Amino acid sequence: FVGRNRIAQADPWLAEVAREAAGWMRSGSEPYLFMHAPDDGMAPALCGRFHSALRKELPEVEDLDLDGAKDQLELF
């Protein structure tokens, strides 16, 4: 998924992708999605927004722990 630097502008598309991913998950698939933005420093926030949209579709999805990925986040 390629978002925007103003990540809130991507919300309608994130919701659409979340609905699609939720359908795959309900059918037993384990999809992998990659989030990008023109400034990839925005990618972690984009991931958080996608995860929120996915949890609206599938509330049973576990919380996203970005604190546990602190070393990874330093790449941005």
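1. A quick definition to start: the expected span of a helix is 1.5 Å times one less than its number of residues. Helices here are DSSP runs (H or I, at least four residues), numbered from the N terminus. H2 has 15 residues, and its end C-alpha atoms sit 21 Å apart, which agrees with the 21 Å that 1.5 Å a residue should give.

2. Before going on, some housekeeping. This is a predicted model, where local features need pLDDT of at least 70 and side-chain atom pairs count only at pLDDT 80 or more, while totals for chains, interfaces and linings use all residues. Residues are numbered from 1 along each chain as its sequence is written, and side-chain values use heavy atoms, with hydrogens and water left out.

3. Buried means under 20% relative accessible area, exposed over 50%, and partly exposed in between (1.4 Å probe, protein chains only).

4. Have a look at Ala22, in helix H1 (residues 11-26). Ala22 counts as buried because its relative accessibility is 0%. Not counting residues up to four places away in sequence, Ala22 touches Leu54, Glu57 and Leu58, where contact means heavy atoms within 4.5 Å.

5. His51 belongs to helix H2 (residues 43-57). With 13% relative accessibility, His51 counts as buried. Its side chain reaches the backbone oxygen of Glu62 at 2.8 Å. Leaving aside neighbours within four places in sequence, His51 is also in contact with Val61, Asp63 and Leu64, among others.

6. Then the charges: the whole structure holds two salt bridges, each a side-chain nitrogen of Lys or Arg within 4 Å of a carboxyl oxygen of Asp or Glu. One joins the side chains of Asp11 and Arg49 (2.6 Å, N to O). Asp11 lies in helix H1 and Arg49 in helix H2, so this pair ties together parts 38 residues apart in sequence. Asp11 is partly exposed at 28%, and Arg49 is partly exposed at 32%.

7. Asp63 also forms a salt bridge, with Arg55, and the closest N and O atoms are 2.2 Å apart. Asp63 is exposed, with a relative accessible area of 60%, whereas Arg55 counts as partly exposed at 28%.

Key
Helices (H or I, at least four residues) and strands (E, at least two) are DSSP runs, numbered from the N terminus. A polar contact is a pair of N or O atoms within 3.5 Å; within protein, one must be able to donate a hydrogen and the other to accept it, and residues adjacent in sequence count only if both atoms are side-chain atoms.
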